[in-house]
Structures are given as structure tokens and as C-alpha cells.
Amino acid sequence: MVFTDVYIHSDVEFKIQPILGNHIAIDKGVYCTVNTEIGSYTHISPYVTIIGGKTGHFVCKGFNNIMAGARIICGSDRFDGSGLFGAIIPKELKGRQIIEPVIMEEFSNIGTNSIVLPGSTLRKGVLLSAGSLLMGDTEEWGVYKGNPAVLVKKIDGSKIIENAYKLGYRESNE
């Protein structure tokens, strides 16, 4: 497959081959252990980790940014006393896990040093501000901040959509 305008730094590690769009930049030190889909016009800044093992799943639909040091967790131990925990524990001795996809819809962004937990969805146009912790779902065009992240304001995404159309963006329902 031929990609257009895709840059992946030599110090990036995908444990599972990702599905990629076009116009993508993935910077130094990105480490990913899950099944990954990265849509067009996406930038992943330095030292982002996307973890959760071979059954984890991360979807980034396009026109997204993930800023430096962000942590996206698609699978984790539950730490509930149900068994032993850790990556090297045999399955029959392991405790319960939460393995749920993390979804970034179009135009959503994850701020520097933020953490996104399993099962979270960043709806269209969401901004998770720097240093925040997201657990769960969001509202379109919302700005989320804090630990846990809460909606602090909504933005008008019409200019963003207008500019994206100039780059070939089409609504998924068109």
C-alpha cells in the first residue's frame, strides 16, 4: 500500500502493524502495543504511549492530535483481588481485566500528559486539556479538563469543519 505524506520517526514502535491513512506524522518515542487505526491528518507527538496488549484497540478517525507524553490505555488489570496482576502472569492465575477500545472521533485532541482510560470515547471535536484524566464518554465539541475530566465549555466547530472540507473531509453520514 502506498501512503501519501506519512512520517513515522525511526524511534517509534508498533507491536501490531497499524492501519494508516494519509497525511500522518508520528514523532519520536511513540510506543503502541494494541490494534491501531490512525485516520488521515493525524499528528502523534513525542513520547505518547498507547497500551493494552494484543486484544486492546485504539481508533483515531482523523484530523486528530495527541500531544507529548499522553497515555492512552486500552486495557488494564482491575486490581480487585480476583487474581495476580501483571503482563507476565499466566492466564489461569491472572485477575480480571478491563479491555475496551479507546475511540477518538474526527477533530478530537488529547492534551500534553493527559491519560485516557479503557472504554473512553472522545466525540467529534472534543479537546481533553493538558494533564487531564478521561474515564468514559464525552459530548461533541466539548472541552474537558481535570482529574477526573469534566466538561468546562463547548465550542462551535463550524469553521473547523469548513476548513476540513477544503482538505477533502466528508461527514461519515454523507
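Student: Why is Trp-141 called buried?

Tutor: Trp-141 has a relative accessible area of 11%, and buried means under 20% (exposed is over 50%, partly exposed lies in between; 1.4 Å probe, protein chains only), so Trp-141 counts as buried. A word on the source: this is a predicted model, where local features need pLDDT of at least 70 and side-chain atom pairs count only at pLDDT 80 or more, while totals for chains, interfaces and linings use all residues. Residues are numbered from 1 along each chain as its sequence is written, and side-chain values use heavy atoms, without hydrogens and water.

Student: How many aromatic pairs does a search of the whole structure find?

Tutor: The search finds 7. Rings of Phe, Tyr and Trp (its six-membered ring) pair if their centres lie within 6.5 Å; planes under 30 degrees apart are stacked, over 60 edge-to-face, the rest tilted.

Student: What makes the pair of Phe-63 and Tyr-169 edge-to-face?

Tutor: Their ring centres are 5.6 Å apart and their planes stand at 85°, so the pair is edge-to-face. Phe-63 sits in the loop between strand 9 (57-60) and strand 10 (65-66), and Tyr-169 in the segment after helix 1 (158-165), so the pair ties together parts 106 residues apart in sequence. Helices (H or I, at least four residues) and strands (E, at least two) are DSSP runs, numbered from the N terminus.

Student: How do you know that Phe-63 is buried?

Tutor: Its relative accessible area is 17%, so Phe-63 is buried; Tyr-169 is buried too, at 5%.

Student: What makes Phe-107 and Trp-141 a stacked pair?

Tutor: The centres are 6.0 Å apart, with 20° between the planes. Phe-107 is also buried, at 6% relative accessibility.
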